[in-house]
Amino acid sequence: MKKYISERLAIRGLLAIQSLSVVLHLLILSGVIPYEIAWGGRIKNQEEMVRFESVSILLNLLMLAIVAIRAGLLPVRLNYSFTRGALWFMFGLFVLNTVGNILSENQFEQLVFTPVTIILAIFCLRLAIVAQPKVTS
(Lines give C-alpha, C1' and ligand atoms only; values in the text may rest on other atoms or scores of the structure.)
Protein backbone atom coordinates (compact mmCIF):
# COMPACT_ATOMS: atom_id res chain seq x y z
CA MET A 1 0.00 0.00 0.00
CA LYS A 2 2.86 2.36 0.83
CA LYS A 3 4.03 1.96 -2.75
CA TYR A 4 0.72 3.09 -4.27
CA ILE A 5 -0.54 5.76 -1.85
CA SER A 6 1.87 8.34 -0.50
CA GLU A 7 1.52 9.80 2.98
CA ARG A 8 1.06 13.22 1.39
CA LEU A 9 -1.84 11.95 -0.75
CA ALA A 10 -3.47 10.26 2.24
CA ILE A 11 -3.14 13.38 4.39
CA ARG A 12 -4.38 15.77 1.73
CA GLY A 13 -7.18 13.43 0.74
CA LEU A 14 -8.36 13.03 4.33
CA LEU A 15 -8.20 16.77 4.99
CA ALA A 16 -10.12 17.58 1.80
CA ILE A 17 -12.81 14.92 2.11
CA GLN A 18 -13.33 15.48 5.84
CA SER A 19 -13.60 19.25 5.27
CA LEU A 20 -16.20 18.67 2.56
CA SER A 21 -18.00 16.30 4.92
CA VAL A 22 -18.25 19.03 7.57
CA VAL A 23 -19.68 21.40 4.94
CA LEU A 24 -22.18 18.73 3.84
CA HIS A 25 -23.35 18.13 7.41
CA LEU A 26 -23.64 21.88 8.02
CA LEU A 27 -25.80 22.16 4.88
CA ILE A 28 -27.97 19.30 6.12
CA LEU A 29 -28.22 20.87 9.57
CA SER A 30 -29.23 24.21 8.05
CA GLY A 31 -31.87 22.57 5.85
CA VAL A 32 -30.24 23.44 2.52
CA ILE A 33 -29.84 19.72 1.81
CA PRO A 34 -32.60 17.32 2.89
CA TYR A 35 -31.62 15.11 5.81
CA GLU A 36 -33.09 12.07 4.08
CA ILE A 37 -29.82 11.60 2.16
CA ALA A 38 -27.88 10.95 5.36
CA TRP A 39 -27.92 8.32 8.08
CA GLY A 40 -29.33 5.63 5.83
CA GLY A 41 -32.62 7.48 5.43
CA ARG A 42 -33.54 6.46 8.97
CA ILE A 43 -33.85 9.88 10.62
CA LYS A 44 -37.50 10.40 11.52
CA ASN A 45 -37.75 14.06 12.50
CA GLN A 46 -35.99 17.41 12.85
CA GLU A 47 -34.94 16.79 16.46
CA GLU A 48 -33.17 13.53 15.56
CA MET A 49 -31.52 15.23 12.60
CA VAL A 50 -30.09 18.00 14.79
CA ARG A 51 -28.66 15.46 17.26
CA PHE A 52 -27.19 13.18 14.61
CA GLU A 53 -25.76 15.99 12.50
CA SER A 54 -24.25 17.74 15.53
CA VAL A 55 -22.48 14.55 16.56
CA SER A 56 -21.32 13.99 12.99
CA ILE A 57 -19.90 17.52 12.72
CA LEU A 58 -18.05 17.15 16.04
CA LEU A 59 -16.61 13.76 15.04
CA ASN A 60 -15.51 15.08 11.65
CA LEU A 61 -13.82 18.09 13.27
CA LEU A 62 -12.07 15.80 15.74
CA MET A 63 -10.86 13.57 12.91
CA LEU A 64 -9.71 16.63 10.96
CA ALA A 65 -7.72 17.72 14.00
CA ILE A 66 -6.09 14.28 14.36
CA VAL A 67 -5.02 14.30 10.71
CA ALA A 68 -3.81 17.90 10.93
CA ILE A 69 -1.77 17.06 14.03
CA ARG A 70 -0.36 13.98 12.32
CA ALA A 71 0.56 16.14 9.31
CA GLY A 72 2.26 18.73 11.51
CA LEU A 73 -0.26 21.41 10.53
CA LEU A 74 -1.50 21.98 14.08
CA PRO A 75 1.14 22.88 16.69
CA VAL A 76 -0.11 20.31 19.17
CA ARG A 77 2.23 17.70 20.58
CA LEU A 78 0.63 14.31 20.99
CA ASN A 79 2.28 10.98 21.52
CA TYR A 80 2.70 9.32 18.12
CA SER A 81 1.15 6.12 19.47
CA PHE A 82 -1.99 8.10 20.34
CA THR A 83 -2.37 9.57 16.86
CA ARG A 84 -1.60 6.21 15.29
CA GLY A 85 -4.25 4.57 17.50
CA ALA A 86 -6.71 7.31 16.56
CA LEU A 87 -6.04 6.62 12.88
CA TRP A 88 -6.69 2.89 13.43
CA PHE A 89 -9.93 3.83 15.19
CA MET A 90 -10.88 6.10 12.27
CA PHE A 91 -10.10 3.27 9.84
CA GLY A 92 -12.50 0.99 11.75
CA LEU A 93 -15.14 3.70 11.90
CA PHE A 94 -14.96 4.25 8.14
CA VAL A 95 -15.17 0.51 7.47
CA LEU A 96 -18.32 0.34 9.60
CA ASN A 97 -19.64 3.46 7.88
CA THR A 98 -19.06 1.81 4.51
CA VAL A 99 -21.16 -1.17 5.60
CA GLY A 100 -23.86 1.25 6.77
CA ASN A 101 -23.79 3.05 3.42
CA ILE A 102 -24.12 -0.23 1.54
CA LEU A 103 -27.16 -1.13 3.68
CA SER A 104 -28.69 2.35 3.37
CA GLU A 105 -32.29 2.73 2.25
CA ASN A 106 -31.19 5.73 0.18
CA GLN A 107 -29.71 4.87 -3.21
CA PHE A 108 -27.85 8.21 -3.41
CA GLU A 109 -26.08 7.40 -0.16
CA GLN A 110 -25.22 3.93 -1.43
CA LEU A 111 -23.80 5.15 -4.74
CA VAL A 112 -22.00 8.31 -3.61
CA PHE A 113 -20.96 7.82 -0.01
CA THR A 114 -19.94 4.15 -0.14
CA PRO A 115 -16.92 4.86 -2.39
CA VAL A 116 -16.07 7.97 -0.35
CA THR A 117 -15.94 6.04 2.93
CA ILE A 118 -13.88 3.30 1.29
CA ILE A 119 -11.35 5.93 0.20
CA LEU A 120 -11.32 7.47 3.68
CA ALA A 121 -10.74 4.04 5.24
CA ILE A 122 -7.84 3.36 2.85
CA PHE A 123 -6.25 6.74 3.58
CA CYS A 124 -6.55 6.16 7.34
CA LEU A 125 -5.06 2.69 6.98
CA ARG A 126 -2.18 4.14 4.95
CA LEU A 127 -1.34 6.63 7.71
CA ALA A 128 -1.88 4.12 10.53
CA ILE A 129 0.61 1.58 9.15
CA VAL A 130 3.48 4.08 9.02
CA ALA A 131 5.99 3.35 11.78
CA GLN A 132 7.38 6.90 11.83
CA PRO A 133 5.77 9.96 10.20
CA LYS A 134 7.89 11.44 7.43
CA VAL A 135 5.57 13.99 5.83
CA THR A 136 4.95 17.31 7.55
CA SER A 137 2.42 18.77 5.13
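Select Val67 first. Leaving aside residues up to four places away in sequence, Val67 touches Ile11, Leu14, Leu15, Leu87 and Met90. Keep in mind that this is a predicted model.

Now widen the selection. Val67 is in the largest nonpolar core, a set of 23 residues. Along with Val67, color Leu14, Leu87, Met90 and Phe94: these five touch the most other members. H2 gives the largest share, 7 residues.

Next, select Leu24, Tyr35, Ile37 and Ala38. They are among the 8 residues of a second, separate core.

Move to H4, residues 107–128. Start at its N-terminal end, which Asn106 caps. A side-chain oxygen of Asn106 lies 2.8 Å from the backbone nitrogen of Phe108.

Follow H4 along to Phe113. A kink of about 35 degrees lies there, shortly before the proline Pro115.

Then check the span of H4. Why is about 31 Å between the end C-alpha atoms reasonable? At 1.5 Å a residue, the 22 residues should span 32 Å, so the 31 Å found agrees.

Finally, select the buried residues of H4. They include Glu109, Phe113, Thr114 and Thr117. What covers the buried residues of H4? Show helix H1 (7–30), helix H2 (46–71) and helix H3 (80–102), which are included in that cover.

Notes
Residues are numbered from 1 along each chain as its sequence is written. This is a predicted model: local features need pLDDT of at least 70, side-chain atom pairs count only at pLDDT 80 or more; totals for chains, interfaces and linings use all residues. Side-chain values use heavy atoms; hydrogens and water are left out. Helices (H or I, at least four residues) and strands (E, at least two) are DSSP runs, numbered from the N terminus. The expected span of a helix is 1.5 Å times one less than its number of residues. The bend at a residue is the angle between axes fitted to the seven residues ending there and the seven starting there. Buried means under 20% relative accessible area, exposed over 50%, partly exposed in between (1.4 Å probe, protein chains only). Contact means heavy atoms within 4.5 Å. A polar contact is a pair of N or O atoms within 3.5 Å; within protein, one must be able to donate a hydrogen and the other to accept it, and residues adjacent in sequence count only if both atoms are side-chain atoms. A nonpolar core is a set of buried Ala, Val, Leu, Ile, Met, Phe, Trp, Tyr and Cys residues joined through side-chain atoms within 4.5 Å.
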